[in-house]
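Hello,

Here is the structure I promised to pass on. Please look it over before reading my notes.

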Amino acid sequence: MISAASRPYIDASVPVLREHGPAITTTFYANMFKAHPELVNLFNMGNQANGVQQQSLASALFAYAANIDNAAALGPVVSRIVHKHVSVGLTRAHYPIVGFHLLGAIKSTLGDAAVDPLMKAWEEAYGSLAKVFIDAETQMYLDAGIEAGYLRAMRVTEVVRESENVLSIRFVPQDGEPLAPFRAGQYVSVEAIFDDGFRQLRQYSLSDAHGLDSMRISVKREDGNNNVPAGAVSNWLHRNVEVGDILQVSYPTGDFLPDTESDEPVVLLSAGVGITPMIGALNRIALVNPGRRVIFAHAARCAEHHPHQADIAAAKARMPRLEVVSFHEQDAGPDVLPGFMDLARLPSWPRTETNVYMCGPLPFMQAQWNALLDAGAPAERLHREVFGPDLLDNLL
Ligand SMILES: Cc1cc2nc3c(=O)[nH]c(=O)nc-3n(C[C@H](O)[C@H](O)[C@H](O)COP(=O)(O)OP(=O)(O)OC[C@H]3O[C@@H](n4cnc5c(N)ncnc54)[C@H](O)[C@@H]3O)c2cc1C
Ligand code: HEM
């Protein structure tokens, strides 16, 4: 992976680069967007604005370098990034652009400390990681039979308000041909083009079963306040989308794949809009294996912010062994537990043999993850989906 000559330079500089991570990332993105303004249409500029971006690309490179001998730790990280890259349509031609500006930002941040052998070592590290991504992404495009950047025209067939701020949008291919194959838990990128011509993509989990003749996403409207602007794409979708409209949608990707097909008991935990992939999984299980034991627990602010109640009621009617537990922070009504989700208040299940899938805000997932580990669940039984750049907290 990395030559013996380069290795000591990488080892010595990882902690320094991590310390300067935000400075490097800021310089990197600023220089890259100045030289290639067309890339703002590819990147999520919301993540740039709200400050999550310093946890993504450059951090991943440093995490990779720090874990270069630890393929087991890197595998899932690479897989997640590859799926995300394919969903936004990366090509091999993008890599030298990022490499040039990332190495330039490392050099300018380190100043005199950026001696030639050190820069050569990072060039090698970047090149080796870029190759891993390019090979995997090329293979995914080939397997899917699509060109990078492919988007499909989808006709909206239904728009349903699920809660105070979540809207479900169902669509079918405009050309009348079958849907691309996907699995519950995966997501699509949806394109928004604003009035000023600015283009953005956002990912939305597929919130209904696979195997139907339509796809559905469920979008939370990200409201603004005095300190932060309203979310660009979610508000655009809430404001504009009507039945009959055409949306441009990517090939489905994503490696968060709840086990919907076996007979094993399964636990689905969610909070907020993190419910969407769980509803996709629940609806699939209701379709193919309604006798299965499923624990479905969701935490919401209150009843008005608890989406997909119709899906849950329909699943309950079909699934005799479905156990639904709801937590509401405020105004918990009958059949609802007050407060945050708490493992101690869920039905019990065989910890070591049961897969648990979770999705929601990071603090929610960290709390459930830690509680489950403490309760004896092995890490390999725990699976999570993050609605944003992953923090890579297991690597950094
Ligand atoms: C794999 C995956 C699956 C997802 N699935 C779903 C799903 O099923 N449903 C769903 O609703 N979402 C989902 N998301 C999230 C979704 O992709 C978007 O991130 C979300 O809709 C917000 O996009 P936006 O354009 O509305 O907000 P953006 O404009 O991107 O803004 C994001 C946040 O940053 C804040 N912000 C913007 N500008 C600034 C600034 N200058 N300073 C400070 N803060 C700022 C905004 O207020 C907002 O809260 C998923 C994400 C991923 C990665
Ligand atoms: C070795 C090089 C690269 C690394 C280590 C890397 C790393 C990452 C990481 C960690 C994420 C977030 C994944 C998540 O959701 O958790 C990401 C997403 C993304 N990457 Fe890369 N990446 C690399 C190359 C590139 C290149 C060459 C481009 C294009 C010029 C690119 C464009 C994007 C885009 C558009 C996203 C989606 C999120 C967003 O829009 O900000 N990346 N990448």
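My notes on the two ligands follow.

This is a predicted model, in which local features need pLDDT of at least 70, side-chain atom pairs count only at pLDDT 80 or more, and totals for chains, interfaces and linings use all residues. Residues are numbered from 1 along each chain as its sequence is written, chains are lettered from A and ligands numbered from 1 in the order written, and side-chain values use heavy atoms, with hydrogens and water left out.

Ligand 2 first. Its iron atom has a single protein donor, His85, through NE2 at 2.1 Å. Donors are N, O and S atoms within 2.8 Å of the metal (3.2 Å for Na, K and Ca); water is not among the atoms, so sites may look incomplete. His85 sits in helix α5, residues 71-88. Helices (H or I, at least four residues) and strands (E, at least two) are DSSP runs, numbered from the N terminus.

Now ligand 1. There are 26 residues around it, each with a heavy atom within 4 Å. Gln203, Lys220, Pro229, Val233 and Ser234 come nearest. The shell divides into 11 nonpolar, 10 polar and five charged residues. Here Ala, Val, Leu, Ile, Met, Phe, Trp, Tyr, Cys and Pro count as nonpolar, Asp, Glu, Lys and Arg as charged, and the others, Gly among them, as polar.

α3 (45-50), β4 (199-205), β5 (215-220) and α8 (232-240) each supply at least two shell residues. β4 gives the most, with four.

Best regards
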